[in-house]
Amino acid sequence: FPSHDTPMEMADGEIVPLIGTFDATYLTPGNDLWLCETKNKARWPENIGTFLPLDLQVGIYLTALEKVYKKTPVGVRYNLLRRPGEKRKKEESMADFSDRIAANVQKDPDHYFQRLEIELTKSERDEHVARTYYLVEQFYEWWKETMLHPNVRDLMWNSGACENKYGVCSMLDACANSDFSDTYRDWE
């Protein structure tokens with residue numbers, strides 16, 4: 001699906017682009033717009049339909065859809081895909097492993113695939129749009145403030161992003177030591 005740039009006007013009149021790609025949309029025979037969203041999970045609880053509509057990603061998509069299509073989306077069709085928990089056996093070839101997973105899926109497809117259609121009320125849609133605008137506005141205000149003090153470490157740094165399973169962030173020295181001498185910053 002093509003990426004969309006949805007302009008959002010901030011309180012000071014500045015336009016901030018909300019950029020992203022949603023999985024798909026469709027129109028019902030009655031011309032209602034629905035969002036399609038796929039979630040890949042290792043497991044899901046029985047009441048997953050209660051918290052899926054609270055998802056930030058869905059709220060952002062619903063906000064963008066209304067601007068992109070000039071039409072209010074009425075619901076979300078969720079395609080839930082369960083990731084198989086099987087591990088490849090020591091002497092098992094990749095083809096045999098794949099065949100074993102396929103056989104398990106064929107035996108119990110309802111365990112691996114579920115579809116939920118959740119129609120949203122006007123107040124739920126309005127809340128998603130308001131939340132999206134609020135979060136973007138808060139991020140924008142934070143960004144403006146940090147640009148006023150480019151050599152002072154922002155107190156909202158996220159140390160959890162400094163290191164992960166892929167290694168250490170390439171910006172660690174610059175952030176940790178406030179040393180941007182070898183770093184290009186396009187706001188200067």
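## Basis of the model

Helices are DSSP runs of H or I with at least four residues, numbered from the N terminus. The model is predicted, so local features need pLDDT of at least 70 and side-chain atom pairs count only at pLDDT 80 or more, while totals for chains, interfaces and linings use all residues. Residues are numbered from 1 along each chain as its sequence is written, and side-chain values use heavy atoms, with hydrogens and water left out.

## Salt bridges in helix H5

A salt bridge is a side-chain nitrogen of Lys or Arg within 4 Å of a carboxyl oxygen of Asp or Glu; the count comes to seven. Helix H5 spans residues 122-148, and in it Lys-122 and Asp-126 lie four residues apart, about one turn of the helix. Their closest N and O atoms are 2.6 Å apart. Lys-122 is exposed at 55% relative accessible area and Asp-126 partly exposed at 40% (buried is under 20%, exposed over 50%, partly exposed in between; 1.4 Å probe, protein chains only).

Glu-141 and Lys-144, three residues apart in helix H5, form a salt bridge at 3.4 Å, N to O. Glu-141 is partly exposed at 33%, as is Lys-144 at 26%. A network of salt bridges links Asp-12, Glu-141 and Lys-144.

## The Arg-100 and Glu-92 pair

Arg-100 and Glu-92 form a salt bridge, with 2.9 Å between the closest N and O atoms. Arg-100 is partly exposed at 22% relative accessibility, whereas Glu-92 is buried at 12%.

How values were computed:
Helix = DSSP H or I, 4+ residues; strand = E, 2+ residues; numbered from the N terminus.
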